[in-house]
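Here is a short note for a colleague who has not looked at this structure before. The points below can be read beside the sequence and the model.

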Amino acid sequence: MAEDLDKYRDDYIRESKEHIDGFNQALLALEKMPGHSQSIEDLFRHAHTLKSMSAAMKFTQTERLCHTLEDVLDKIKKQEVNSEPYIDVFFKAFDLISKTIHRIEEGNSELSTQVMIEDVL
């Protein structure tokens, strides 16, 4: 990571963890009430914000996965697809993001997200 971004790393990690927690809470709510519009909006917001933060920090693997999640969530918002088939893969995707954030926190590189992106699609 470029030196000028290092000063933002701790903020990125802290805020990412908050969005991961928020995403998981919204996903649990959606699991209980499929199609619940507020849960879908919350999921979209968390994925979008984490995508933007990751892009700013040059974490492209996380950015790409969040972008894919955002695309699917947009289709769910527009009622082009049902949310139920995506619940498990969303949990798995954010588990991978959580593991990646932990690796970044330890000073390691991101995990590859390509297989998970294919699973989401």
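1. A residue counts as exposed when its relative accessible area is over 50%, and as buried when that value is under 20%. The model discussed here is a predicted one. With a relative accessibility of 72%, Gln 79 therefore counts as exposed. Gln 79 sits in the loop between α4 and α5, and its phi is near 60°, a positive value in a residue other than glycine.

2. Most residues other than glycine have a negative phi. Lys 58 is also worth a look: its phi is near 70°, a positive value although the residue is not glycine. Lys 58 belongs to the loop between α3 and α4. Its relative accessibility is 62%, so Lys 58 counts as exposed.

3. Two packed helices are described by the angle between their axes and the distance between the axes. For helix α3 (residues 37-56) and helix α4 (residues 60-77), the angle is about 155° and the axes are 8 Å apart. Because angles over 145 degrees count as roughly antiparallel, α3 is roughly antiparallel to α4. The crossing of α3 and α4 is left-handed.

4. Which residues make the contact between α3 and α4? On the α3 side they include Ile 40, Leu 43, Phe 44, Ala 47 and Leu 50, and on the α4 side they include Cys 66, Leu 69, Leu 73 and Ile 76. Charged residues take part as well, among them Glu 41 and Lys 51 of α3 and Glu 63, Glu 70, Asp 74 and Lys 77 of α4. The residues of this contact of α3 with α4 divide into ten nonpolar, four polar and six charged.

5. The axes of α2 and α3 come within 9 Å and cross at roughly 160°. That angle makes α2 roughly antiparallel to α3. The crossing of α2 and α3 is left-handed. Among the residues that meet are Tyr 12, Ser 16, Ile 20, Phe 23 and Leu 27 in α2, and Ile 40, Leu 43, Ala 47, Leu 50 and Met 53 in α3. The residues of the contact of α2 with α3 divide into twelve nonpolar, seven polar and two charged.

6. Is Ser 16 buried or exposed? Ser 16 has 0% relative accessibility, so it counts as buried. Ser 16 is part of helix α2 (residues 9-32). Its side chain reaches the backbone oxygen of Tyr 12 at 2.7 Å. Leaving aside neighbours within four places in sequence, Ser 16 is in contact with Leu 50, Met 53 and Ile 101.

7. Thr 68 lies in helix α4. At 8% relative accessibility, Thr 68 falls under the 20% cut-off and so counts as buried. Apart from neighbours within four places in sequence, Thr 68 is in contact with Ile 117, Val 120 and Leu 121.

8. Val 89 is found in helix α5. Its relative accessibility is 12%, so Val 89 counts as buried. Val 89 and Asp 119 are 30 residues apart in sequence, while their C-alpha atoms are 7.1 Å apart in space. Not counting residues up to four places away in sequence, Val 89 touches Met 116, Asp 119 and Val 120.

Technical notes:
Residues are numbered from 1 along each chain as its sequence is written. This is a predicted model: local features need pLDDT of at least 70, side-chain atom pairs count only at pLDDT 80 or more; totals for chains, interfaces and linings use all residues. Side-chain values use heavy atoms; hydrogens and water are left out. Helices (H or I, at least four residues) and strands (E, at least two) are DSSP runs, numbered from the N terminus. Buried means under 20% relative accessible area, exposed over 50%, partly exposed in between (1.4 Å probe, protein chains only). A polar contact is a pair of N or O atoms within 3.5 Å; within protein, one must be able to donate a hydrogen and the other to accept it, and residues adjacent in sequence count only if both atoms are side-chain atoms. Contact means heavy atoms within 4.5 Å. Axes are lines fitted to C-alpha atoms, for helices over the stretch in contact, and angles run from 0 to 180 degrees between N-to-C directions. Angles under 35 degrees count as roughly parallel, over 145 as roughly antiparallel, 65 to 115 as roughly perpendicular and the rest as oblique. A crossing is left-handed if the near helix is turned anticlockwise from the far one by less than a right angle, and right-handed if clockwise.
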